[in-house]
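Visitor: I have a structure to look through this afternoon, and I would like to ask about it as I go. Could you show it to me?

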Amino acid sequence: MIVTLIVICEVGFWVLLAAGLSVRYLLKMPRTGAALLLCEPLLEVLLLVVTAIDLKNGAEPDWKHGLAALYIGYTVGHGHRTVKWLDGHAAHRLAGAPPPPEPPRYGMARARHEGRIWLGTAVGAIVATTLLQIAIWYVGDAGRTESLRSWMYGAWRAAGIHGLITLTYVFWPKKAPADEQERETVRAER
């Protein structure tokens, strides 16, 4: 049941996103579109409540509950950025707004950009770890909750790997080609 609900929440996320952006830009109803976009966090709350009820009813804590916590963490850490990115592209394509700025491709600007994305991963790991620890305390039996603890390690392993990749942008920044570097300099001077 939990896995099915995770799939429903993921599909619901994209349906609400498409509906919110369509209403906002195609039907020219920005407030209604924003209201639909603001309903997206309710999906995670629903998943959290159902997972807690499942554990309360005596379900054996296993990978499904860990996956639910990681899904909620990922959505908290990266959901807003995803919605903002898609909103910028929808505004450009559907409402004639200027194109959204592209992320920097070179140097320390790129490193800062990657660092902000990594912060989303770290926030996701913190949220997932918090939810998993609450579930462990809630169940109260260390022998039954080892699988939940392993999901904590998995969340931090992913955040650590992402962090190492992000650090490569700091220590080995990609240099812009000479002609593009001149254009970047001209743009920065404007």
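Visitor: Let me start with a glycine: is Gly154 buried, partly exposed or exposed?

Guide: This is a predicted model, and in it Gly154 counts as partly exposed, because its relative accessibility is 23%. Gly154 lies in helix α6.

Visitor: Which residue is 88 residues apart from Gly154 in sequence, and how far apart are they in space?

Guide: That residue is Gly66, and the distance between Gly154 and Gly66 is 9.7 Å, C-alpha to C-alpha.

Visitor: Staying with helix α6, what does it give to the nonpolar patch?

Guide: Helix α6, which covers residues 146–171, gives the most to that patch, with four residues. The patch as a whole has an area of about 660 Å² and is made by Met108, Leu164, Leu167, Val170, Phe171 and Trp172.

Visitor: And why does Val170 count as partly exposed?

Guide: Val170 lies in helix α6, and it is called partly exposed because its relative accessible area is 33%, a value between the 20% limit for buried and the 50% limit for exposed.

Visitor: Changing topic, how many salt bridges are there?

Guide: The count comes to four salt bridges. One of them joins the side chains of Arg24 and Asp87, at 3.7 Å from N to O.

Visitor: Which parts does the pair of Arg24 and Asp87 tie together?

Guide: Arg24 lies in helix α1, residues 2–26, and Asp87 lies in helix α4, so this pair ties together parts that are 63 residues apart in sequence.

Visitor: What about Arg110, which residue does it pair with?

Guide: Arg110 forms a salt bridge with Glu114, and the closest N and O atoms are 2.8 Å apart. Because Arg110 and Glu114 are four residues apart in helix α5, about one helical turn separates them.

Visitor: Are Arg110 and Glu114 buried or exposed?

Guide: Both Arg110 and Glu114 are buried.

Visitor: And which residue does Lys64 form a salt bridge with?

Guide: Its partner is Asp62, with 3.5 Å between the closest N and O atoms. Lys64 itself counts as partly exposed, since its relative accessibility is 28%.

Visitor: Now the pockets: what volume does the largest one have?

Guide: The largest pocket has a volume of about 430 Å³.

Visitor: How do the lining residues divide by type?

Guide: The lining of the largest pocket divides into six nonpolar, two polar and four charged residues.

Visitor: Back to helix α4 for a moment, is Ile72 buried or exposed?

Guide: Ile72 is found in helix α4, and it counts as buried because its relative accessibility is 7%. In space, Ile72 and Leu47 are 8.0 Å apart, C-alpha to C-alpha, while 25 residues apart in sequence.

Visitor: And how far is Leu94 from Leu26?

Guide: The C-alpha atoms of Leu94 and Leu26 are separated by 6.7 Å, although the two residues are 68 residues apart along the chain. Leu94 lies in helix α4 and counts as partly exposed, at 37% relative accessibility.

Visitor: One more helix residue, where does Ala52 lie?

Guide: Ala52 lies in helix α3, residues 40–56. Its C-alpha atom is separated by 8.9 Å from that of His65, which is 13 residues apart from it along the chain, and Ala52 counts as partly exposed, at 37% relative accessibility.

Visitor: Last one, what is phi of Lys28 near?

Guide: Phi of Lys28 is near 55°, which is a positive value in a residue other than glycine. Lys28 is found in the loop between α1 and α2, and this residue is exposed, with a relative accessible area of 60%.

Technical notes: Residues are numbered from 1 along each chain as its sequence is written. This is a predicted model: local features need pLDDT of at least 70, side-chain atom pairs count only at pLDDT 80 or more; totals for chains, interfaces and linings use all residues. Side-chain values use heavy atoms; hydrogens and water are left out. On a 1 Å grid over the protein atoms alone, a cavity is a set of points where a 1.4 Å probe fits but cannot get out, and a pocket is an open set with protein on both sides within 12 Å along at least five of seven lines; lining residues have an atom within 4 Å of a point. Grid points are joined across faces, edges and corners, and a volume is the space filled by probe spheres set on the points. Ala, Val, Leu, Ile, Met, Phe, Trp, Tyr, Cys and Pro count as nonpolar, Asp, Glu, Lys and Arg as charged, and the others, Gly among them, as polar. Patches are made of residues with over 30% relative accessible area and no salt bridge: like charges are joined within 9 Å, nonpolar side chains (Val, Leu, Ile, Met, Phe, Trp, Tyr) within 5 Å. Accessible areas come from the Shrake-Rupley method with a 1.4 Å probe; for residues, only the protein chains shown count as cover. Helices (H or I, at least four residues) and strands (E, at least two) are DSSP runs, numbered from the N terminus. Buried means under 20% relative accessible area, exposed over 50%, partly exposed in between (1.4 Å probe, protein chains only).
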